[in-house]
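Biologist: I am new to this structure. Could you take me through how to read it, one feature at a time?

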Amino acid sequence: MTRNNYKIDNSGNNQGLIISENNGSIQVSIQNVPRMPSLISAVVKSLGEVCSNNDIESTFDFKEFKPDEKIEYNCVLKYRDIIRYFSGYYSVCERYLNAYDDSNIRSKAKILNYVYICYMKAKGTILLENKNIHKKEIDIIRQNSDKLIDMVQDEIFKIVETSKEVDIIYKEDMGLGVICFICYCFMECKILEKPL
């Protein structure tokens, strides 16, 4: 009796089902799942819809810094490891913002300005809450750095949540795109203070 030597090969367009040996029946239900769009792209588009008429010019401070320096300078604790982890997505955010900017002139600057305005409002709220505390402004910011990030993140999350882009992405994944974008904005100095 000769035995056939079969080789299992997964080099084709397999949709995830490989069976090497079966001694019973198999039922397979294959669904055509739409490809998940980029979460960061959805965040950028959502923000672009909100701030497209915002004509505030941005002023840039080109003094270089390292993200860890800014984390330490602002006493970030809750988001420290998150920022370090998602800093790898900086170039992805930059690419989507630049692509969006190409299709909507000056949109990148408008989106970043919008985030910066969200930060300034949050900072103003924190400073107002602490107006009777006799500390330097930077000390109050450092004491509330994680809360400030939370406040800006919540504002961006609300915008993305009400955007038409949410229909395309899963709501539970939306937070991932927002946090990637928040980390990008942190590194672009639109959230928290730049080290001196």
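Modeller: Keep in mind that this is a predicted model. The chain has eight helices and zero strands.

Biologist: In what pattern do these elements follow each other along the sequence?

Modeller: The order is α-α-α-α-α-α-α-α. The chain has 196 residues, and 38% of them count as buried. Of the contacts between residues at least 6 apart in sequence, 79% join residues at least 24 apart.

Biologist: How are two packed helices described?

Modeller: By the angle between their axes and the distance between the axes. Take helix α5 (residues 107-129) and helix α7 (residues 145-162): their axes come within 9 Å and cross at roughly 135°. Angles from 65 to 115 degrees count as roughly perpendicular and those over 145 as roughly antiparallel, so α5 is oblique to α7. Their crossing is right-handed.

Biologist: Which residues make the contact?

Modeller: On α5 they include Y114, C118, Y119 and I126, and on α7 they include L148, M151, V152 and I159. By class, this contact of α5 with α7 has 11 nonpolar, one polar and four charged residues.

Biologist: Now a single residue. Is L97 buried or exposed?

Modeller: L97 counts as buried because its relative accessibility is 0%. L97 sits in helix α4 (residues 90-103).

Biologist: What does L97 touch, leaving out residues up to four places away in sequence?

Modeller: L97 touches V44, K108, I111, L112, F181 and Y184. As for spacing, L97 and A109 are 12 residues apart in sequence, with their C-alpha atoms 9.1 Å apart in space.

How values were computed:
Residues are numbered from 1 along each chain as its sequence is written. This is a predicted model: local features need pLDDT of at least 70, side-chain atom pairs count only at pLDDT 80 or more; totals for chains, interfaces and linings use all residues. Side-chain values use heavy atoms; hydrogens and water are left out. Helices (H or I, at least four residues) and strands (E, at least two) are DSSP runs, numbered from the N terminus. Buried means under 20% relative accessible area, exposed over 50%, partly exposed in between (1.4 Å probe, protein chains only). Contact means heavy atoms within 4.5 Å. Axes are lines fitted to C-alpha atoms, for helices over the stretch in contact, and angles run from 0 to 180 degrees between N-to-C directions. Angles under 35 degrees count as roughly parallel, over 145 as roughly antiparallel, 65 to 115 as roughly perpendicular and the rest as oblique. A crossing is left-handed if the near helix is turned anticlockwise from the far one by less than a right angle, and right-handed if clockwise. Ala, Val, Leu, Ile, Met, Phe, Trp, Tyr, Cys and Pro count as nonpolar, Asp, Glu, Lys and Arg as charged, and the others, Gly among them, as polar.
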